[in-house]
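User: I would like to learn how to read a few local features of a model, one at a time, with the general idea before each case.

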Amino acid sequence: MAPQTRTVSTRTAGALHRRPRLRLALLLAAPLLWLAVLYLGSLTVLFVSAFWTTNSFTSEVVKVWSTDNFRELFTTPVYRQVILRSVGVALAVTVLCAVIAFPVAFWTARVARPRWRPLLVVAILTPLWASYLVKVYAWRLILSEGGLADWMLRPFGLSGPGYGLTAAVLTLTYLWLPYMILPVHTALEQLPANLFDASADLGARAGRTFRSVVLPMVLPSVAAGSVFTFSLSLGDYITVQIVGGKTQLIGNLVYSNIELNLPMAAALGTVPVVVIVLYLLAVRRTGALSSL
Amino acid sequence: MRLTLKAAVAVTLLLATTACGSSGSGSGASSSGLNPPDLKAPAALGATEGQVDLIAWAGYVEDGSNDPKADWVSDFEKQTGCQVHSKTAASSDEMVKLMKTGQYDAVSASGDASLRLIASGDAAPVNTDLVPNYRDIFSGLKDGAWNSVDGRMYGIPHGRGANLLMYNTAKVSPAPTSWSAVFDDASRYKGHVTAYDSPIYIADAALYLKATEPDLGIKDPYALDQKQFDAAVSLLRKQNANIGEYWSDYLKEISAFKSGDSVIGTTWQVIANLTADEGAEVKAFVPEEGSTGWSDTWMVSAKAKHPNCAYKWLDWIVSPKVNAQVAEYFGEAPANSKACELTSDKNFCTTYHASDETYWKNIAFWNTPIEQCLDGRTDVKCVPYAKWVQAWTEIKG
């Protein structure tokens, strides 16, 4: 038995050694199968079912090929409006995150004392350990009538935004901020100090150094962070249900259609996919995807 | 890699459709009236199967795990030997979807789901002789438009409730008497009005128009022709400007009334009680125009794997003692007339108007709108539920 087993295994090992392509194929087969079948497969099913229709009374899916769902998607004003609103929210959240993340990251990466830096990064990451729902419900309390936001703004004669679009943007910004701070922090940390010296030697002041040295080197990281903030905001429907008042985003439309009109839900579901693919293509041009 | 190719084809097609734009409102499938498949109810019961799979509203199937005092499942299991597996559904639409899987034996369907289940053949007619407690069900709940077809019952009534108008007594004055408080006069509480987040809420607007715009000739808020439907939708569009938030999760409504984010809007009796218990100053009542309401019916799946246990459950849940327990726990009027003597709160049936048939005369129970007008008109086509769903999305904007 033993010699024979050895020959089989040595022969296999030999064959694999001689054929590096076979080795690679075997190594990649499982993950590729995963990608193709589970990931791309489910996306394909999504696209294909968007072309089906439903029986208007029993809401059973009728597998008849038709483009009605997409036609409706682009001709019904409410869908267009909701799509634009969702993209607007995603962009607003991304811009807010970038604007807030930059000074925070600059402080944690370059201003704070080096031994405090890891602790500060941990502090930024702590909110990610808490449940998403707990955080959103906390914001529901903060923004409620007479809640923390109202109480803090009252001395200035103002009141909180209440539930609505603004509340949804604020809450989403809070939720996804760490995903923006982290890449920016890393980029700022890696900036060589001698570039600042060189810039100063050449007579540039702080503002000029920031514009010509820091910003171009950090921008790809901001773009990388924006991939997270943008796509996470575009797909969210729970936050807006809890703090968004009567606001509807794409996710809410998908959710409200999924039980009665699955094909329409699928058609709506392709919108964020297409938007995010376009966004990724745009971001790729900045070279940000290599610094993810 | 053929799959990726397929995806690429799909994307191309998608882009092609975008490019085309196109005209015409396409909705090919048209549904006829209510012609349920001819299904047979069992003539007699056999041996129990040892298990039953239920779909229910939260609070209908309690085994003591949520609240040790609420347990009517354990005794059922002991007496019948049927192990209860229950799945809580959050909406009528979810119930319909779950029933379609064929994995469940019975469902506690509201009127906006029941007709759909009957028409699609997912629910079977029920032989009421096999449910001894059916005798004691209030007559107002038997042979309803939402639970029977041509005098054939498709389930056993469980309980009922009205959609009430709740308001914050400190912030809303004078006290409202009419639904106009949330429709024509809603601007007084701009940003603090709430409404039920479901297409079926369109019927609430129709019910208000029935009283205030007699020219529209609305007889049944669930049977609206295009003109009546458009009037209801435009009323709701106007209301939308004053809405703070819609509610479907009742904890959300309680928190909104407690904080004052909502001060007026529709509610259920049980939510009103809970909100008051939590210290908010609220009152809930049926306005002068009457109201919409819901009545739940236990239906048996046409594909039930455990039909005998399902029938045992139907009889159990409407038996006087259990019906009293579940009605009190959930906060609704019980269906069994003998249940009222067995409630722990002796005023319970009075609070919920359980036996007050004149009260229920003013309540239009949820029903599924179909093309064939439910009020008997044959000269016009009514707007089917699928269009209600779409309109609801458009109302919310």
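User: Does B:Asp71 count as exposed, partly exposed or buried, and how many C-beta neighbours does B:Asp71 have inside 10 Å?

Analyst: This is a predicted model, in which local features need pLDDT of at least 70, side-chain atom pairs count only at pLDDT 80 or more, and totals for chains, interfaces and linings use all residues. Residues are numbered from 1 along each chain as its sequence is written, while chains are lettered from A and ligands numbered from 1 in the order in which they are written. A residue is buried if 20 or more other C-beta atoms, placed from the backbone, lie within 10 Å of its own, exposed if 12 or fewer, and partly exposed in between. B:Asp71 has 16 such neighbours and therefore counts as partly exposed. B:Asp71 sits in the loop between strand E1 (51–56) and helix H2 (73–80) of chain B, where helices (H or I, at least four residues) and strands (E, at least two) are DSSP runs numbered from the N terminus.

User: What does B:Asp71 touch, not counting residues up to four places away in sequence?

Analyst: Two residues are in contact if their C-beta atoms, placed from the backbone, lie within 7 Å. On that criterion B:Asp71 touches B:Glu62, B:Asp63 and B:Gly64.

User: Which residues of H6(A) are buried, and how do they lie when seen down the axis?

Analyst: An α-helix has 3.6 residues a turn, so residues three or four places apart point the same way. In H6(A) the buried residues are A:Val136, A:Trp139, A:Arg140 and A:Leu143. Seen down the axis of H6(A), these residues fall within an arc of 105° (taken from the directions from the helix axis to the C-beta atoms), so they line one face of the helix. The buried residues of H6(A) pack against helix H7 (148–153), helix H8 (165–190) and helix H11 (238–243) of chain A.

User: Where is B:Asp150, and what is its phi?

Analyst: Most residues other than glycine have a negative phi, and most peptide bonds are trans. B:Asp150, however, has a positive phi, near 50°, and is placed in the loop between strand E5 (148–149) and strand E6 (152–153) of chain B. With 7 C-beta neighbours inside 10 Å, B:Asp150 counts as exposed.

User: Which residues does a cis peptide bond join?

Analyst: A cis peptide bond, with omega about 0°, joins B:Ser173 and B:Pro174; B:Pro174 is found in the loop between strand E8 (164–168) and strand E9 (193–196) of chain B.
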